[in-house]
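Dear colleague,

Please find below the structure that I promised to hand over. My notes on what was found in it follow directly after.

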Amino acid sequence: MDSNKPHIIPLVKIADRRGNLAVWQTGQSLPFDMCRAYWISDAPAGSRRYGHAYYTNAEVIVALSGSIEVSTEIAGEISHFTLSSPDKGLYIPPMTWREIYNFSTNAVTLVMASTLYDEVDYIRDKTQFDQLISDGQQ
Ligand code: TYD
């Protein structure tokens with residue numbers, strides 16, 4: 001697996017009839033140390049978030065409950081992922097355009113991030129993102 005591309009990471013899962021438990025722990029074959037976590041709840045069914053990329057922040061997205069779809073674009077390569085399992089994370093490297101869409105009813109989405117929130121780290125304009133990628137490939 002090319003760790004510089006978006007890919008699914010199996011999280012450690014402790015299966016139990018009383019309720020399954022999944023773990024993210026620093027140093028356990030994960031691509032970065034978590035610095036921040038945020039979660040998205042109460043998204044209307046079928047809704048879509050705004051797309052964006054980050055200069056330096058990396059993320060792992062987990063559908064804790066329900067399901068979501070995520071599209072990613074890195075260096076011109078577009079991929080689509082469906083997340084519906086709380087023990088699978090989608091790794092998103094920096095400089096990846098990503099959009100989360102098609103939230104199911106009652107979806108709860110956890111995002112674990114490698115950096116503190118910083119608006120300056122965002123690229124919110126797709127044209128600007130495309131230009132940065134094309135400049136980087138010169
Ligand atoms: P944003 O990351 O822009 O999400 P989306 O592109 O899906 O709308 O976040 C939405 C708002 O929340 C934006 O005003 C920034 C704010 N925010 C924080 O204050 N801290 C955070 O850690 C995050 C992720 C967002």
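By class, the shell around the ligand is made up of four nonpolar, one polar and three charged residues, where Ala, Val, Leu, Ile, Met, Phe, Trp, Tyr, Cys and Pro count as nonpolar, Asp, Glu, Lys and Arg as charged, and the others, Gly among them, as polar. Before going further, please keep in mind that this is a predicted model, in which local features need pLDDT of at least 70 and side-chain atom pairs count only at pLDDT 80 or more, while totals for chains, interfaces and linings use all residues. Residues are numbered from 1 along each chain as its sequence is written, and side-chain values use heavy atoms, with hydrogens and water left out.

The ligand

The residues that surround the ligand are Arg-36, Tyr-38, Arg-49, Tyr-50, His-52, Tyr-117, Tyr-122 and Arg-124, a residue being counted here if one of its heavy atoms lies within 4 Å of the molecule. An N or O atom in the side chain of Tyr-122 is 2.5 Å from an oxygen atom of the ligand, the corresponding distance for the side chain of Arg-36 is 2.6 Å, and a polar side-chain atom of His-52 lies 3.1 Å from a ligand oxygen. On its own the ligand has 520 Å² of accessible area, of which the protein covers 64%; these areas come from the Shrake-Rupley method with a 1.4 Å probe, and for residues only the protein chains shown count as cover.

Salt bridges

How many salt bridges does a search of the whole structure find? The search finds nine, a salt bridge being a side-chain nitrogen of Lys or Arg within 4 Å of a carboxyl oxygen of Asp or Glu. As background, side chains of opposite charge can pair when their charged atoms come close.

One of the salt bridges joins Lys-5 and Glu-77, with the closest N and O atoms 3.2 Å apart. Because Lys-5 lies in the segment before β1 (7–10) and Glu-77 in strand β8 (residues 77–83), this pair ties together parts that are 72 residues apart in sequence; helices (H or I, at least four residues) and strands (E, at least two) are DSSP runs, numbered from the N terminus. Lys-5 counts as partly exposed at 32% relative accessibility, as does Glu-77 at 37%, where buried means under 20% relative accessible area, exposed over 50%, and partly exposed in between (1.4 Å probe, protein chains only).

Another salt bridge is formed by Lys-126 and Glu-73, whose closest N and O atoms are 3.1 Å apart. Lys-126 lies in helix α1 (residues 126–136) and Glu-73 in strand β7 (residues 68–74), so this pair links parts that are 53 residues apart in sequence. Lys-126 is partly exposed at 27% relative accessibility, whereas Glu-73 is buried at 17%.

Lys-88 and Asp-87 also meet through their side chains in a salt bridge (3.8 Å, N to O), and Lys-13 is linked with Asp-87 and Lys-88 in a network of salt bridges.

Loops and buried positions

Asn-102 lies in the loop between β10 (97–101) and β11 (108–113), and Asn-106 lies in the loop between β10 and β11. Phi of Asn-102 is near 55 degrees, a positive value in a residue other than glycine, and Asn-106, which is not a glycine either, has a positive phi of about 65 degrees. Asn-102 is partly exposed at 36% relative accessibility, whereas Asn-106 is exposed at 61%.

Is Asn-57 buried or exposed? Asn-57, in the loop between β5 (53–54) and β6 (59–65), is buried, with a relative accessible area of 0%, and its side chain is joined to that of Glu-59 by a polar contact of 3.5 Å. Ala-53, which has its place in strand β5, is likewise buried with a relative accessible area of 0%.

Key: Polar contact = N/O pair within 3.5 Å; in protein donor to acceptor, adjacent residues only side chain to side chain.
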